Amino acid sequence: MKITDELSESIEQSKDKIGELLVKHSALTRQQLDEALEVQRMEGGLLGEVLTRKNYIHPHDLIKVVCLQVGIPYQIDIKVDEIDANVVKDLSINYAKNHEVLPSMETDFSVTVFMSNPFNFNVVNDLHMIFKKEIKIICTTPLRIQDAINRVYEKANRNIVDSIEDESFDENIDLDGPIDILDATADEAPVIRFVNSVMFRAVKERASDIHIEPYDRETVYRFRINGVMTEILRQPKKTHAAVSSRIKVMAKLDIAEKRLPQDGRIKIKIAGKDIDIRLSTIPIQAGERIVMRILEKNNQVLRLETLGFRGKVLEGLQDLGSRKHGVLYVTGPTGHGKTTTLMAILDRINSPDKMIITVEDPVEYEVPGISQIQVNHKIDLSFAVALRSILRQNPDVVMVGETRDKETAEIAINASLTGHFVLSTLHTNDSSSAPTRLIDMGVQPFLISSSLVGILAQRLVRTLCNSCKLKTNLSDFEKAVLDIEELPDSATVFKPVGCPKCHNTGYTGRTVVSELLIINDEIRALIIQKVDSATIKKAAVRSGMRTLRGDALDKIFEGITSVEEILRAVNAEETH
């Protein structure tokens, strides 16, 4: 704590009385006081500095006794529950923490504040400017005031977040036109109404993500709908600070920190639906880029058939789900439904006679009868740590949201070898690349071959709108890209058109394109030999695996999706 010049002057003007008060109201002994006075006489300097340098008193002891001397109230206990959180709305939490000041009560004529150093007159002047009222000061300890600041501002943020449920969401608000939020602060109605409307529209249009991207002259708002980015509106760049602050307040992030990335979480209710929003901010040249991942809580888990699985893949997943031990991996890029597929498998095998535990980041679906653990990196609760602990619970089935490192992979594999059925996800382009990916992580090939039972690779592709799709013929170029010479006799190919029902995109919803690699003796031997993924793929095809390319062609020929969509969602090399 800094001893201000005003405080030092006050101490020196009445140092005899201050010394007596310190002996009376602190741990200072008379012997220590006499010694400090002697040091001051010999070396000069301030009495307070001598006492604190020798660790005879805490710096705050000086403030305490001066307050007693000049009649400023001194109070250790701060009754946080009696403080109206609205009183801090005009004072940022960073200012409050940096200057150790907390407004506690406001009347028509005055504001009562707790301060750790009431002799910091610059802060008192700031408070006069902010509240335009008389400032009444109560002195308290730095530790107590910091704790009270955290609790009061947490309550204030909670009140702001809860208020979104009381706001009326006007789905007819014209988001394409300019909205006057230029002069709005984060707590004023226009910016609240605007942010609420953006979130409402995102939920209504079933967007999975909201992207807010500031540029030199304007801020662009985009939704990811069915895996495709769509621009929604543009706003003047001047609006970005207010919108960013509002969203960060809702997520309980530091609104003053604009130089570092931040992650947060927002819980809201829209049209009776519980929505969980995962927030990520990163600093870019023009400001803070904000991405919000929208998760609708209490979602009903979809069935494998509804997701688009069928034929041998569906039969294979049903068979694998009945295994007593082994590891099943689902692979594919981020955002292509891997977790949804895993939860559909778990929902199918969920029964009272099976104990199922999951470790997820985040928990996207809440399933009755399944124990679900949320990863928390802030307290070092990683996939590996959680997995190691839940194995002591002796579960029958374990689902690990993602295998990111060697430690997690080895624990999962060892769990399968000791009689557990383990499901997890892995980031690879196709199913045959999974064993080599695990080997690259450092897992021994013999462990992989003895534990792995199956690998499902999948992509999500948009399905054509049945109201406007148009029958078409494949061009020679499209046939060449798809590596086919002629279409089957039963094939009917459509192309997207666009209509009001599909928001002029030509697509409604998504379905899965997949391949399921079942591990047999031949493939186990190849894994031990550390062969490349192409060799494993050839062996799997000989064993009857339908590749991503084959499933994608089936979806095109049946009029479920288009050639353009397959080429967009599945890399060319993966379709061959």
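The paragraphs below lead through a predicted model, from its nonpolar cores to its cysteines, rings, charged pairs and backbone angles. Because the model is predicted, local features need pLDDT of at least 70 and side-chain atom pairs count only at pLDDT 80 or more, whereas totals for chains, interfaces and linings use all residues. Residues are numbered from 1 along each chain as its sequence is written, and side-chain values use heavy atoms, with hydrogens and water left out.

A nonpolar core is here a set of buried Ala, Val, Leu, Ile, Met, Phe, Trp, Tyr and Cys residues joined through side-chain atoms within 4.5 Å, where buried means under 20% relative accessible area, exposed means over 50%, and partly exposed covers what lies in between, for a 1.4 Å probe and protein chains only. The largest such core has 48 residues, and the members that touch the most other members are Leu22, Leu51, Val101, Leu102, Val113 and Leu127. Helix H8 (residues 142-166) gives this core its largest share, six residues; helices (H or I, at least four residues) and strands (E, at least two) are DSSP runs, numbered from the N terminus. Apart from this core lies another, of 38 residues, which includes Ala386, Leu426, Leu438 and Leu447. To return to valine 113, its contacts (heavy atoms within 4.5 Å) are, once residues up to four places away in sequence are set aside, Val101, Leu102, Pro103, Ser104, Leu127, Ile135, Lys136, Ile137 and Ile138.

The cysteines come next. With a disulfide taken as a pair of cysteine sulfur atoms within 2.5 Å, the structure holds zero disulfides. Cysteine 139 is accordingly in no disulfide, and the nearest cysteine sulfur, that of cysteine 67, is 3.7 Å away; cysteine 139 counts as buried, at 0% relative accessibility. For cysteine 468 the closest cysteine sulfur is in cysteine 499, at 3.7 Å, which is too far for a bond, and cysteine 468 is likewise buried, with a relative accessible area of 11%.

Rings of Phe, Tyr and Trp (its six-membered ring) pair if their centres lie within 6.5 Å, and planes under 30 degrees apart count as stacked, over 60 as edge-to-face and the rest as tilted. By this rule there is one aromatic pair, formed by phenylalanine 194 and tyrosine 221, edge-to-face at 5.6 Å centre to centre with 85° between the planes. Phenylalanine 194 lies in helix H9 (residues 189-204) and tyrosine 221 in strand E5 (residues 218-225), so the pair ties together parts that are 27 residues apart in sequence. Both phenylalanine 194 and tyrosine 221 are buried. A charge sits over a ring if NZ of Lys or CZ of Arg is within 6 Å of the ring centre and within 35 degrees of the ring normal; arginine 462 lies over the face of tyrosine 507 in this sense, at 4.1 Å from the ring centre, and lysine 469 lies over the face of phenylalanine 494, at 4.5 Å.

Charged side chains also pair with one another. Counting as a salt bridge any side-chain nitrogen of Lys or Arg within 4 Å of a carboxyl oxygen of Asp or Glu, the structure holds 28 of them. In one, glutamate 106 meets lysine 133, the closest N and O atoms being 2.9 Å apart; glutamate 106 lies in strand E1 (residues 101-106) and lysine 133 in the loop between helix H7 (121-131) and strand E3 (134-139), so parts that are 27 residues apart in sequence are tied together. Another joins arginine 265 and aspartate 276, with the closest N and O atoms 2.9 Å apart, and here arginine 265 is partly exposed at 35% relative accessibility, whereas aspartate 276 is buried at 1%. Arginine 310 and glutamate 558 meet at 2.7 Å, N to O, and this pair links distant parts of the chain, 248 residues apart. Asp209, Arg224 and Arg293 are linked in a network of salt bridges.

Finally, the backbone deserves attention. Most residues other than glycine have a negative phi. Aspartate 380, however, has a positive phi of about 60°; aspartate 380 is placed in the loop between strand E12 (371-374) and helix H14 (383-390) and is exposed, with a relative accessible area of 60%. Lysine 530 also has a positive phi, near 60°, and lies in the loop between helix H19 (521-528) and helix H20 (533-542), where lysine 530 is exposed at 54%.
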